[in-house]
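Here is a friendly walk through one protein model, with the cut-offs spelled out as we go. Please have your viewer ready.

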Amino acid sequence: MAGSGGLGGGAGGSQGAGGGPGATLRAPRAPLLFAALVLGAYCLCALPGRCPPAGRIPVPAPAPAEPPCAARSPGTSGLPVASGSGRRRFPQALIVGVKKGGTRALLEFLRLHPDVRALGSEPHFFDRCYERGLAWYRSLMPRTLDGQITMEKTPSYFVTREAPRRIHGMSPATKLIVVVRNPVTRAISDYAQMLSKTPGLPSFGTLAFRRGLGPVDTAWSAVRIGLYAQHLDNWLRYFPLSHFLFVSGERLVSDPAGELGHVQDFLGLKRVVTDKHFYFNATKGFPCLKKAQGSGRPRCLGKSKGRPHPRVPEAMVQRLRAFYRPFNRKFYQMTGQDFGWD
């Protein structure tokens, strides 16, 4: 009781006289209990915070004993999957990059194919959620029948150092699709997206260059992502070049059917998605899907796609072109493709 009396005395001293020893002992318990509950709730919410929010990944049937972020509800972006037919498999093909290259458009175009089943949202398993394990990853996938291909796309995989090793550990036979785009245009597009989310950002030039128009700042992610040759070097330590298909983001806009033909060949699929599925939306500046039979209107990507780019001074654009030129040429040599960016 001496210890309790000392604790009570300290509390009583801070509160002043009155209430007696019983009151001084009870007074701090409620706030302490409340603080403990708040801290516990914060920890539970913070632990899975590196993975995508629960509502973003469609899972047709929730599994009972999954971690909190696996309790996911079906999303409108996911393909309808018949419950009880087929089974969930690891993806045989992944769209691994690059951000602002055209990966969302490619995935939506591919999902027209009856033999492709793809996760609508980005699971970020091989870069953010790997500790959840392969069984958790497979539980996110749509069900497929024999002969169908399971796919997902997460563009940040291409620039994540650990991703090739982890994907190889899942299956060394995985086919890898990389949508690439002129790295200067891609960087400006990336900045436009950042600016839409954070309007108070410094100017493009402030972030892209050190000390005014000094050296290009490769520490900035919008610049670093465009060093395609460096990222590919890391992937070729685990996968042969034959496992890759490099899709031109520019040609995906100007000739979507042609690029989709190459993708379908690479995946071993019949060429089902053809030019009859597309029309060019002049307002958005990229192709949209013609309305399907029974649908009321054509399908275009969301409002965030095709947003206007901020004006960047021509001197900065030329500096960036000169900076990327040797990296682009090395990338052309590595892939055996000239993307015509120089």
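What covers the buried residues of H12? Among the covering elements are H4, S6, S7, helix H11 (249-254), strand S8 (278-281) and strand S9 (286-289). Buried here means under 20% relative accessible area, with exposed over 50% and partly exposed in between (1.4 Å probe, protein chains only). Helices (H or I, at least four residues) and strands (E, at least two) are DSSP runs, numbered from the N terminus.

Before going further, a word on the basis: this is a predicted model, in which local features need pLDDT of at least 70 and side-chain atom pairs count only at pLDDT 80 or more, while totals for chains, interfaces and linings use all residues. Residues are numbered from 1 along each chain as its sequence is written, and side-chain values use heavy atoms, with hydrogens and water left out.

**Overall picture**

The protein has 13 helices and nine strands, and buried residues make up 44% of its 342 residues. Counting contacts (heavy atoms within 4.5 Å), residues 24 or more positions apart account for 70% of those with a separation of 6 or more.

**Two covered helices**

Helix H12 (residues 256-266) is largely enclosed by the rest of the structure, because nine of its eleven residues are buried. Among these are Pro 256, Glu 259, Leu 260, Gln 264 and Phe 266. Just after H12, Gly 268 takes a positive phi of about 75 degrees.

An open sheet of five strands runs in the order S3-S5-S2-S6-S7 with parallel pairing, where two strands pair if DSSP finds at least two bridges between them. S3 and strand S7 (244-248) stand at the edges with a single partner strand each, so one side of each lacks a neighbour in the sheet. Neighbouring strands are turned by 25 degrees against each other on average, direction ignored. Inside the sheet, strand S2 (residues 93-97) and strand S5 (residues 149-153) pair over three bridges, and Ile 95 stands opposite Lys 153 in S5.

H4 lies across S2, S3, S5, strand S6 (175-180) and S7, and runs at about 160 degrees to S2. Axes are lines fitted to C-alpha atoms, for helices over the stretch in contact, and angles run from 0 to 180 degrees between N-to-C directions.

**Rings and charges**

The whole structure holds 25 aromatic pairs. Rings of Phe, Tyr and Trp (its six-membered ring) pair if their centres lie within 6.5 Å; planes under 30 degrees apart count as stacked, over 60 as edge-to-face and the rest as tilted. Phe 125 and Trp 136 form a tilted pair, 6.2 Å centre to centre with 35 degrees between the planes. Both Phe 125 and Trp 136 are buried.

Charges sit over rings as well, meaning that NZ of Lys or CZ of Arg is within 6 Å of the ring centre and within 35 degrees of the ring normal:

| Charged residue | Ring | Distance from ring centre |
|---|---|---|
| Arg 132 | Trp 136 | 5.9 Å |
| Arg 138 | Phe 90 | 4.9 Å |

Elsewhere, ring pairs link a cluster that includes Tyr 228, Trp 235 and Phe 331.

**H10 against H13**

The axes of helix H10 (residues 228-235) and helix H13 (residues 314-335) come within 8 Å and cross at roughly 40 degrees. Tyr 228 and Leu 232 of H10 and Phe 331 and Met 334 of H13 are among the residues making the contact.
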